Amino acid sequence: RWPLAQATAPYQPVGQVARSATPCAAGPGLFPALGAAMPLAAAATARPVAAALASALRGQLAARSIVATANAAVDSEAMHPPRRAPDPDARLPLLQNEAQERSRREPLAEVGIHPSLVDTFGRRHRYLRLSLTDRCNLRCQYCSPEEGEEPAMPTNRGENLATEEISRLLRLFVQLGVRKIRLTGGEPTIRGDFGRIVEDLGSLSNSLAEPLSLGITTNGVRLARFLPKLQEAGLLNVNLSLDTLVPAKFPFLVKRDMKWHTRVMDVLHEMTAEGSPFNVKLNCVLLRGVNEEELGSFVDLTEHLPLEVRFLEFMPFDRNGWSANRLVPQAEIVEAMQQHLVGRGLAPAQRLPPDSLNDVARLWRVDGWRGRVGVIASMTDAFCGGCNRLRLTSNGELRNCLFGEEGWSLRDSLRAGETDEALSATIAAGVQAKFRKLGGKRDMHELRERGALALPMMSLGG
């Protein structure tokens, strides 16, 4: 049972710690490098680590052997997690107590982030994605159950977080160290109090010495009417979801009128016009046999528009008809993009460095073009190692991973009258239970096996 002694230290892979360790006599007083490795050996891997150390101590092995043995146990468990859901009761109390104790010892101002937002792999969660509703005015194939399946039942209005509850939780997350907030859905703009939520979020951001990074993910159908309010609040990072540039395809993909496609294109051009304050990303989920032949047209948008076109791999969620043969993988996307450019007589796009260590998109730019292209390869090239995201569903359930099967209800805690300290402990429990990769699954095929344990995309907000 190892304390979370280095919870706020920068993330360092266990293998690097092992290589930098210096030998010394083994015994109860273990050297610092081993102590630094232990935050990575979380409760999820406590048993194999404990067994490795016990074996080493009995034989009085050298310290380098201890680290190597422990690393092998950690890597084995992290790379091949059990298929069963985690047992939070077995592993969280110690970690919660350690986080609370560390909070008392080290003021927030000194560490910059509360230990409750640091997981057992050293990842710091400064990014909160808040789903305002699990309802949507579109019926995208990858987000909703297929036709013939039981429809997704949206949360009753009384079960959703109220405006005041959202405001309190956002303030708490910011106090703990969150610095980036994105509003998602369903479709966030269809919520009746959307304008007030944006105003409250803007007030919260403006009250800080350094404003928050604020954004929204939306289908754009109702967005134009809210642009002045978003600008006033400082909510300038807009991710627009659009899977076709062909108006006639729009009804087939989203089961809605073709005229709505015009609305989306109009607001896209308004936000990318000269002098616009908005930072726009256009998200496109590629589906084989549906829209992959439009890839070149999407890439061409970046020639004259200052936006980032992002291609997303199709992900498996509850009853959304996912199969591997419908997935267009990153390697194929990049190859098709380069072939398209060469076909136009242009040089291939150049790879760009990530915007930050937590960036989820691999980026490319064509020399001289205004925009750029990104690929989010969550299935074939997962980016879990740098994940700094937490998700809060519209009914107040904290989710530590897009693919996680477990949630922690902050709504119920709020309505039970719990203090911010108690809410922080619940948040810590959720963060500390986070797996190394893909919600504890090995690959996309295991993700598909989750069935009803996987919430629909429209409940998680992407």
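Which residues in α12 meet α13, and which residues in α13 do they meet? In this predicted model, Leu 295, Gly 296, Val 299 and Asp 300 supply the α12 side of the contact, while α13 brings in Ile 333, Ala 336, Met 337, His 340 and Leu 341. Sorted by class, that contact has 6 nonpolar, 2 polar and 1 charged residues.

As for the geometry, helix α12 covers residues 295–304 and helix α13 covers residues 330–343, and their axes sit 10 Å apart at an angle of about 70°. Angles of 65 to 115 degrees count as roughly perpendicular, so α12 is roughly perpendicular to α13. The crossing of α12 past α13 is right-handed.

Then there is the sheet. It's an open one built from 12 strands with mixed pairing, and the strand order reads β7-β8-β9-β6-β5-β4-β3-β2-β1-β10-β11-β12. The edges belong to β7 (350–352) and β12 (408–409); each has a single partner strand, so one side of each goes without a neighbour in the sheet.

Helix α7 (residues 163–176) lies across β1 (127–131), β2 (180–184), β10 (389–392) and β11 (397–399), and runs at about 170° to β1. Helix α11 (residues 259–271), for its part, lies across β4 (235–241), β5 (279–285) and β6 (307–312), with an angle of about 145° to β4.

Note on methods. Residues numbered from 1 in each chain as written. Predicted model: local features only at pLDDT ≥ 70, side-chain atom pairs only at ≥ 80, totals over all residues. Heavy atoms only, no water. Axes fitted to C-alpha atoms, helices over the stretch in contact; angles between N-to-C directions. Helix = DSSP H or I, 4+ residues; strand = E, 2+ residues; numbered from the N terminus. Parallel < 35°, antiparallel > 145°, perpendicular 65-115°, else oblique. Left-handed = near helix turned anticlockwise from the far one by under 90°. Contact = heavy atoms within 4.5 Å. Nonpolar A, V, L, I, M, F, W, Y, C, P; charged D, E, K, R; others polar. Pairing = 2+ DSSP bridges.
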